[in-house]
Amino acid sequence: MFDSSRTAIAEAAPTGGEVDLAFVDATIERLGRSADRVIPILQALQDHYRYLPRPALERVCASTEITPAAITSVSTFYSQFRHRPMGEHIISVCHGTACHVKGAPLVQAAFERQLGIADGDDTDAEGRFTVQKVACLGCCTLAPVVQIDEVTYGGLTSRRVAETLDDFLKHANGAAGQRPPARQQPVERPLGEIRIGLDSCCIAQGTGKVHAAVEQVLTEWGAPAAVKKVGCVVMCHQTPLLEIAPAAGKERLYARVREEDVMEIVLRHFRPKGLVRRARYAATRWLDRLLTDEREDPAASLRVDRRDGAICAFLGPQRHLATEGWGRVDPMDIDEHLAGGGFVALKRCLTELAPEAIIEAITASGLRGRGGAGFPTGEKWARAASAEGSPKYVICNGDEGDPGAFMNRMLLESFPYRIIEGLAIAALAVGAEEGYFYIRAEYPTAVERIAAALEECRRRGFLGENAFGSGRRLHISLKQGAGAFVCGEETALIASIEGRRGTPRLRPPFPSEKGLWGQPTVVNNVETLALAAWILRHGAAEFVTMGTKESKGTKVFALAGKVRRGGLIEVPMGVSLREIVDEIGGGMVPGRRFKAVQVGGPSGGCVPAALSDTPVDFEALTGAGAIMGSGGLVVLDDADCMVDIARYFLSFTQDQSCGKCTFCRIGTRRMLDILDRLCAGRGTQGDLESLESLAFSVGSASLCGLGRTAPNPVLSTLHHFRDEYQAHIEGRCPAGRCPALVRYRINEQCIGCTLCAQACPVGAIPFTPYARHEVIDEQCTRCDNCRAACPVGAVEIA
Amino acid sequence: MPTITIDGRAIDVPAGTTVLEAAERLGIEIPSLCHLKGCDPSTSCLVCVVRISGTSRVLPSCATRIEDGMAVESETEAVHALRRTALELLLSDHVGDCLAPCYFMCPAHMDIPLMLRQIGREEIREAIATVKRDIALPAVLGRVCSKPCEKGCRRAPADGAVAVCDLKRFVAEEDLATGEPYLPEVAAPSGKRVAVVGGGPAGLAAAYYLVQAGHAVDLFEREPLLGGRLRSEFSEEQLPAEILDAELESLLAVGIEVHTGAAVATADDFEQLRREFDALLVATGAAAARDAGGWGLAVAARGIDVERTTYQTNLPAVFAAGNALRGKGMVVRSVADGKEAAWSIHRVLSEGGGPLSEKPFSVRMGKVAPDQLGGFLVHAGTAPRQEADGGAAEYSLTEAVSQAERCLGCGCRAHCGCRLERYASRYGADPNRYGASRRPYEVLTQHAQIVYEPGKCIACELCIQIAARGGEPLGLAFVGRGFDVRVAVPFDRSLEEALSKVAAECVAACPTAALSFKAEPFKSALPILGQ
């Protein structure tokens, strides 16, 4: 009936041939026939066919309880599902906040240009590449980031697009190249361990290659060290990071390690075994230095110390509760987790503590939900515990979708057992025997590790019919999201688990009374559960020593944007934004001015530099026009346009609106229309007033939190940076960001080197060797290549 | 039983009652588009919002269950403003015309679609009544009108506008030819007397409608013959005297006291008329401005200065219409002025005054690209446009019918039955508040009985729920999400198959005309503007 490319259900297989339906039948056999199986079935089909062929969907309807209406509405709701064939490779361009401010739109345009993809299409003519925009890959500190199939490239610019494609095609099986074969035999009596962070973002930064090199060196030289794959190393700005931990002696940290540095580092600490190898090593070193004319010891120059100024500043103000053991523990090693005090709290809850006592401890700790709204966790649990109805459920909300946030991914990937423990404790507290992890499909590593960790817990009898031998039932299973930010809203998340479109419903009734399948249900954020486990192990009294009057404990943030040191940080509540930016983040790069911190992502707001003494505290941040949110902190400098930032967030929420209620579905679109006009230089007097009034209506009358908070980025920037909005109405973009309002020109410092002309992808700069170059404005696409290419800074934005 | 208050009025209601239901019991009508008894609240339109007093909480009343002690605000300006915004947002994405563009293009706002349907059914007697409801001189205008209505015709960019003007003349001349032309009903005498000065198109039209309203009318014309500029501006070929005279005769038959050769020449004459009559209309044409100053009437650049919505001059009970205030204008404009001034005078005489009714509420989609007209053309007659010259090339009845059937029926089938229209009009919603670019117009007509216009859908979910509940094997589904969400048939199958059992229920539940019956085209005649 409709011919929209996103939603039209494809008629036939790409080749026009028959779709092999045996896979459909096998999938149904494996996953079940009930109506709630629709999302897992669609995910399996999508994985297999790389899109959803209509005959396959019809087959599903014919042989399950899933109706044509259900499969249509669900498969067109979630952005993971495609209804038309896609290219051989997928280029996912991250449009998270950090990527946006670092030029993601230019990068995407450059890919499309390079591949000759027509307007309104997403795949090149030969069907080799499909370019898609993704909300956030959660690698914010490497921005801007793209993922080509499984390979992640960070720090891209539009100039590097061609070489990136070349690199990908050269290693067409690039993903495999990043996964080294592990040594068959574990090392006997290792003299220490080499810790390598292998979270998604570390891999994106090249840690995979470093890991491969380490394994190779160890194998080749027979060095007596064990390799330990640890979780997040939190200092994203220092990755790839290697930590050498000798069995006896001091730990050593090496930052920004390249493949070629590995041998030097490893062999310096773990001298090869056997006389022959040692002699060969000495000879190799001697020769290398001779050939490369290297005076310094490269390994030494990469070495950093946890007591170094920068590292101290970064780590100093932090307290690691949810992230306890970062960079040291192997996420999948359950024994190590047990040795570090893991599951102690759960065992106590199973054997010693009554549900009331668990809830009392959580209430006493003052723990508030870390997903954004800050609802007291103890009260939520108490409500569900006292609600009528059985069975009850607990759900871990791992649908972190805010662009600019990756805390939950990190916690799930690095501390899967800790989160499982937290969820199991919640289940005991409220009287539930069943729990779910709901994790977004964009986090494959998190999904993989939680699944494996759950399996391990079941294998050991920690979960199951008789958890820890207590006689109690505790079953936890895993559900994957399918690409819908709104599913972070608890009622939408529940709808999604039930196999429906992820549309929220009016609360009350709250899930604690009527949740999953109409039963009392607790939905908690990942970080909340990690802290709950910590509190039950260390006691509420310890927890309340940190924080402010109303906000206790710590908060994990993803610090990204224009700071020098980005990373995953955990700070006690009450530290100021300024401390985070200046001390932990190390301030701006030289020459740039700190302008604002975007706190709380698309539901939050921009706190201007002048208010950066605002402490990290639920109420204080709300007072400053932002919200605590789930923990994205994106630092902005004077090159960032606040109107563009507001437009960016609104286009995100607009794109993610479920479309149910008028205010969000149409209201956010009309707000975006106004912001688009402003950024295109077509704003008129009165636009700001219309925008403000519409923002007020959308914020007060939308059905769910997504709509109600969607205007925050607009309202906070309008409040603090109204002069910038006014400038746009007058046709100026003070930060020089809005393409329609800026022009590129080349000033008299031009030396006529032609680099800019070579860099221009559209021929807007004629070659005039040895003479001052000129930009033809009508042809200029504002891709910024020329400015990046100019060796003398002669290209300026006016 | 729990007690709640709505706008300060207390009511006891059983637990589990919604705020909407409680308000209904208090006689407060909270508007709602997506709510239907028997269906789950879809909380989609949010037009039914209320505010919980003393908080900033705004909730949809259809799904909010009452709690003891709850204090609700419904009829406050703040709540109304939110409802208005919800309506304006829905209207900003609502593609269609409540009323056909020809209705707005015609200065007299004649109900052209109704006339065309009546001609199509060969109901010429009904058609002339429709015409003369708004146009006092249709045979004349059938020859001299500059046809603004046809410029607005949706069919114009496809294969030529419907020949509205020629069809109107056909109706009028058929009527005159019967020898017993249509005579409208006249209201009981009001006991009021009105003097109309000037027997041109404006004066004649005003007199015609004033008499129908029950007032005694004396018409003063300085020339020996009535007609004013109709006798000077057009050649015999353009407007044969025979036609003009026949039409005048039929018009005067309602009972107008005519005084020809009776010039109102001096200020004294004018004052005398004012004393003698309860109201006075100056319709002396372009020359009026010359005399008016002397009579004490305020004069503007083009003619007598009046209050534009009431035709009231600066003098009490004195009105002016037609070229007397415009200097130069279309004849149809003068006829329209005469009608509107008549209703304004009637209002003063019967109710002591008040403004004329405003233009009726209507969403208007403006220009429609020719390639989007397909859906309209499906139902319309396929005859090419054929013009009639009033002479040898006159329409036969068959030709008139096939010309009338060319009408695309582009006004909305749900006009007067549409809840969005009703509430938008009640809350003063401006359909153009958010001047957004609209999506293309689409109409799907494959179903035997039902028309689906996706652009009019407000995603209320009722049809989806009804189909699911009614056990439709295929049913309907939301496709896509966010701003692009649409109601569609799964797997691109037909609407016929989707709604094999509950089609009628879905049409009845649809709050707009997204789903409507083909066979039940229009629920009501269009309003008389000014009455």
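This is a predicted model: local features need pLDDT of at least 70, side-chain atom pairs count only at pLDDT 80 or more; totals for chains, interfaces and linings use all residues.
Biologist: Which residue of chain B meets B:Arg493 in a salt bridge?
Modeller: Side chains of opposite charge can pair when their charged atoms come close. Here the N to O distance is 3.0 Å.

Biologist: Which helix gives the most to the side of chain A that touches chain B?
Modeller: There are 17 residue pairs in polar contact across this interface. On the chain A side, the elements that give two or more residues are H3, H4, H27, H28 and H29. One of them puts in eight residues, the most on that side, and that's H28(A).

Biologist: How much area do chain A and chain B bury between them?
Modeller: The contact takes 46 residues from chain A and 47 from chain B. Carbon and sulfur atoms account for 62% of the buried area. The total comes to about 3,800 Å².

Biologist: Let's turn to rings. Why do A:Tyr78 and A:Phe81 get their label as a pair?
Modeller: By the rule there are 18 aromatic pairs over all chains. In this one the ring centres lie 6.3 Å apart and the planes stand at 85°. Planes over 60 degrees apart get a name of their own, so the pair is called edge-to-face.

Biologist: Are A:Tyr78 and A:Phe81 buried or exposed?
Modeller: The relative accessible area of A:Tyr78 is 1%, while that of A:Phe81 is 4%. The limit is under 20%, so A:Tyr78 and A:Phe81 are each buried.

Biologist: What kind of pair do B:Phe270 and B:Trp295 make?
Modeller: Their centres are 4.7 Å apart, with the planes at 15°. The pair links distant parts of the chain, with B:Phe270 in helix H12 and B:Trp295 in the loop between helix H13 and strand S10, 25 residues apart. B:Phe270 and B:Trp295 are buried. Planes under 30 degrees apart get their own term, so this pair is stacked.

Biologist: Which residue forms a salt bridge with A:Asp777?
Modeller: A:Asp777 counts as buried, at 19% relative accessibility. Its partner is partly exposed at 48%, and the closest N and O atoms are 3.0 Å apart. The pair links distant parts of the chain, 34 residues apart, with the partner in the loop between helix H32 and strand S19. The residue is A:Arg743.

Biologist: How many residues apart in sequence are the parts that B:Glu24 and B:Lys37 tie together?
Modeller: The two side chains meet in a salt bridge, 3.4 Å from N to O. B:Glu24 lies in helix H1 and B:Lys37 in the loop between H1 and strand S3, so the pair ties together parts separated in sequence by 13 residues.

Biologist: Last one: how many salt bridges does the structure hold over all chains?
Modeller: Some of them join up, and one network includes A:Glu193, A:Arg195 and A:Lys228. Over all chains, the number of salt bridges is 86.

Note on methods. Residues are numbered from 1 along each chain as its sequence is written. Chains are lettered from A and ligands numbered from 1 in the order in which they are written. Side-chain values use heavy atoms; hydrogens and water are left out. Contact means heavy atoms within 4.5 Å. Buried area is the accessible area (1.4 Å probe) that two parts lose on being put together, summed over both. A polar contact is a pair of N or O atoms within 3.5 Å; within protein, one must be able to donate a hydrogen and the other to accept it, and residues adjacent in sequence count only if both atoms are side-chain atoms. Helices (H or I, at least four residues) and strands (E, at least two) are DSSP runs, numbered from the N terminus. Rings of Phe, Tyr and Trp (its six-membered ring) pair if their centres lie within 6.5 Å; planes under 30 degrees apart count as stacked, over 60 as edge-to-face and the rest as tilted. Buried means under 20% relative accessible area, exposed over 50%, partly exposed in between (1.4 Å probe, protein chains only). A salt bridge is a side-chain nitrogen of Lys or Arg within 4 Å of a carboxyl oxygen of Asp or Glu.
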